[in-house]
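This report concerns a single protein chain and is written to be read beside its sequence and coordinates.

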Amino acid sequence: MHKTVLVPIDIAHLREGKATIDIALANAGEDSSIILLNVIEDIPKWAAAQLPRGTLDKSKQAAYQELNAIAQSFSVPIEVDIRMGHTYKVILDVAEEKKADLIVIASHRPGFQDYYLGSTAAKVVRHANCSVHVVR
Ligand code: ADP
């Protein structure tokens, strides 16, 4: 069983996200922690300056609420973490920070079955220092 399982979730594809949580739970023990992570991609500073004040904070809050509702629908405690940055780098950084021993990630967005792995999944598989379970 794995002690700390990190589950990166793309808010735009929550159905696949839920499937990855099921796999995470199947690989976790009673004392394991499961962390749902969403990364909000950085936008250039000049573009951010054009946005109404508070837009990024609102996005962060909305993402937290979405993931928290999913986390609460499971009968075990599940942590939610929302970060900003470059998606695959943040996933790898959070995996190190939380000492994750497993990352469970979907292979690609729906409808892109021609691709063996999506770009985020491919980089995570290639660079992670822990095991990665790819859900297809
Ligand atoms: P594609 O290139 O087809 O969109 P990705 O590799 O980006 O495929 O996505 C595969 C998986 O990577 C997603 O299902 C999710 O697990 C993870 N992922 C993608 N984007 C994000 C994000 N912004 N935050 C957290 N995880 C993400």
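## Basis of the description

The model is predicted; local features need pLDDT of at least 70, side-chain atom pairs count only at pLDDT 80 or more, and totals for chains, interfaces and linings use all residues. Residues are numbered from 1 along each chain as its sequence is written, and side-chain values use heavy atoms, with hydrogens and water left out.

## Overall fold

Five helices and five strands make up the secondary structure of the protein. Helices (H or I, at least four residues) and strands (E, at least two) are DSSP runs, numbered from the N terminus. Read from the N terminus, the order of the elements is β-α-β-α-α-β-α-β-α-β. The protein is as compact as a globular protein of its length, because its radius of gyration of 15 Å is close to the 14 Å that the globule rule gives for 136 residues. That radius is taken over C-alpha atoms, and the rule is 2.2 Å times the number of residues to the power 0.38. The C-alpha trace spans about 45 × 35 × 30 Å along its principal axes.

Of the 136 residues, 38% count as buried. Buried means under 20% relative accessible area, exposed over 50%, and partly exposed in between (1.4 Å probe, protein chains only). The protein exposes about 8,400 Å², of which carbon and sulfur atoms supply 50%; accessible areas come from the Shrake-Rupley method with a 1.4 Å probe, and for residues only the protein chains shown count as cover.

Contact means heavy atoms within 4.5 Å. Among contacts between residues at least 6 apart in sequence, 74% join residues at least 24 apart.

The protein carries 15 positive and 16 negative side chains, and the centres of these two sets lie 6 Å apart. Lys and Arg count as positive and Asp and Glu as negative, while His and the chain ends are not counted. The place of a charge is taken as NZ of Lys, CZ of Arg, CG of Asp or CD of Glu.

## Nonpolar cores

A nonpolar core is a set of buried Ala, Val, Leu, Ile, Met, Phe, Trp, Tyr and Cys residues joined through side-chain atoms within 4.5 Å. The largest such core has 21 residues, and those with the most contacts inside it are Val5, Val7, Ile21, Ile34, Leu36 and Leu67. Two or more residues of this core come from each of β1, α1, β2 (28-41), α3 (55-72), β3 (79-85) and β4 (102-106). A second, separate core of 17 residues includes Ile35, Val90, Ile91 and Val124.

Leu36, in the largest core, contacts Val7, Ile9, Ile21, Leu67, Ala71, Ile78, Glu79, Val80 and Asp81, leaving aside neighbours within four places in sequence.

## Individual residues

| Residue | Relative accessible area | Class |
|---|---|---|
| Thr20 | 2% | buried |
| Ser107 | 4% | buried |
| Ile9 | 5% | buried |
| Asp81 | 10% | buried |
| Lys99 | 66% | exposed |
| Pro77 | 74% | exposed |

Ile9 is in the loop between β1 (2-8) and α1 (14-26). Not counting residues up to four places away in sequence, Ile9 touches Leu14, Gly17, Thr20, Ile21, Leu36, Leu37, Asn38 and Leu67.

Thr20 belongs to helix α1. Apart from residues up to four places away in sequence, the contacts of Thr20 are Val7, Ile9, Val104, Ile105, Ala106 and Val135.

Asp81 is part of strand β3. Beyond its neighbours within four places in sequence, Asp81 is in contact with Ile35, Leu36, Leu37, Asn38, Val94 and Lys98. Asp81 and Ala49, by contrast, are 32 residues apart in sequence and 25 Å apart in space, C-alpha to C-alpha.

Ser107 is placed in the loop between β4 and α5 (119-127). With neighbours within four places in sequence left aside, Ser107 contacts Tyr116, Leu117, Gly118, Ala121, Val134, Val135 and Arg136.

Lys99 lies between α4 (87-97) and β4, and its phi is near 55°, a positive value in a residue other than glycine. Most residues other than glycine have a negative phi. Pro77 is in the loop between α3 and β3; its C-alpha atom is separated by 7.8 Å from that of Ser33, 44 residues apart along the chain.
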